[in-house]
Amino acid sequence: MPGRHISRVRALYKRVLQLHRVLPPDLKALGDQYVKDEFRRHKSVGSDEAQRFLQEWEVYATVLSQQANENRQNSTGKACFGTFLPEEKLNDFRDEQIGQLQELMQEATKPNRQFSISESTKPKF
């Protein structure tokens, strides 16, 4: 990514990894690895793609932060993370991104996982 984005990228990267601390362990491990791979993969993209990349990750961080706060206030003991992906947004993905999404879904839904993408036990703070 171009030089002027470096401090913004580092701050966002750290923020996302810190937010992942509220996730169940398996989901945290999967999410952390995905974040590291994506940030590494986008190191040398052009300015326009870097802007889109950062905007999307900033939205992710905001949503995850809101969900973490809601889960802390939720008295049912069930934590809920994730969001619906509209078909319009899916249509904007490149084939490579669809493949990555498919791999992520397969990994996240393996039967030996200790969590559900939409529900899991409440994290301990």
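Hi everyone. From the N terminus on, the elements of this protein run α-α-α-β-α-α-β. That makes five helices and two strands, where helices (H or I, at least four residues) and strands (E, at least two) are DSSP runs numbered from the N terminus.

A word on where this comes from. This is a predicted model, in which local features need pLDDT of at least 70 and side-chain atom pairs count only at pLDDT 80 or more, while totals for chains, interfaces and linings use all residues. Residues are numbered from 1 along each chain as its sequence is written, and side-chain values use heavy atoms, with hydrogens and water left out.

Let me start with the overall picture. Of the 125 residues, 29% count as buried; buried means under 20% relative accessible area, exposed over 50%, and partly exposed in between, with a 1.4 Å probe and protein chains only. Among contacts with a separation of 6 or more, 69% are between residues 24 or more positions apart, contact meaning heavy atoms within 4.5 Å.

Now to the core. In soluble globular proteins, nonpolar side chains tend to be buried together. Here the largest nonpolar core has 18 residues. By nonpolar core I mean a set of buried Ala, Val, Leu, Ile, Met, Phe, Trp, Tyr and Cys residues joined through side-chain atoms within 4.5 Å. Leu-12, Val-16, Val-35, Phe-39, Trp-57 and Phe-81 have the most contacts inside this core. Helix H1 (6-19), H2 and H3 each give two or more residues to this core, and H3 gives the most, with six.

How many aromatic pairs does a search of the whole structure find? The search finds six. Rings of Phe, Tyr and Trp (its six-membered ring) pair if their centres lie within 6.5 Å; planes under 30 degrees apart count as stacked, over 60 as edge-to-face and the rest as tilted. One of the pairs is Tyr-34 with Trp-57, tilted, at 6.3 Å centre to centre and 40 degrees between the planes. This pair links distant parts of the chain, with Tyr-34 in helix H2 and Trp-57 in helix H3, 23 residues apart. Tyr-34 counts as partly exposed because its relative accessibility is 26%, whereas Trp-57 is buried, with a relative accessible area of 10%.

Trp-57 also pairs with Phe-53: their ring centres are 6.2 Å apart and their planes are at 55 degrees, so this pair is tilted. Both residues sit in helix H3, four residues apart, about one turn of the helix. Phe-53 has 7% relative accessibility, so Phe-53 counts as buried. Stepping back, ring pairs link Tyr-13, Tyr-34, Phe-39, Phe-53, Trp-57 and Tyr-60 into a cluster.

Is Glu-38 buried or exposed? Glu-38 counts as buried, because its relative accessibility is 7%. Not counting residues up to four places away in sequence, Glu-38 touches Phe-53, Trp-57 and Gln-100.

Helix H3 has another one, Gln-67. With 12% relative accessibility, Gln-67 also counts as buried. Leaving aside neighbours within four places in sequence, Gln-67 is in contact with Cys-80, Phe-81 and Gly-82.

Ala-79 counts as buried, at 1% relative accessibility. Its C-alpha atom is 9.7 Å from that of Val-22, 57 residues away along the chain. For contrast, Thr-83 is in the loop between strand E1 (78-79) and H4, and Thr-83 counts as exposed because its relative accessibility is 67%.

Last, the pocket. Rolling a probe the size of a water molecule over the atoms shows where empty space is left. The largest pocket has a volume of about 1800 Å³. For the terms: on a 1 Å grid over the protein atoms alone, a pocket is an open set of points where a 1.4 Å probe fits, with protein on both sides within 12 Å along at least five of seven lines, and lining residues have an atom within 4 Å of a point. Points are joined across faces, edges and corners, and the volume is the space filled by probe spheres set on them.

Of the 46 lining residues, Tyr-34, Leu-85, Phe-93, Leu-101 and Leu-104 are the closest to the centre. Which helix supplies the largest share of the lining? H3 does, with 11 residues. The lining divides into 25 nonpolar, 12 polar and nine charged residues, where Ala, Val, Leu, Ile, Met, Phe, Trp, Tyr, Cys and Pro count as nonpolar, Asp, Glu, Lys and Arg as charged, and the others, Gly among them, as polar.

Thanks, everyone!
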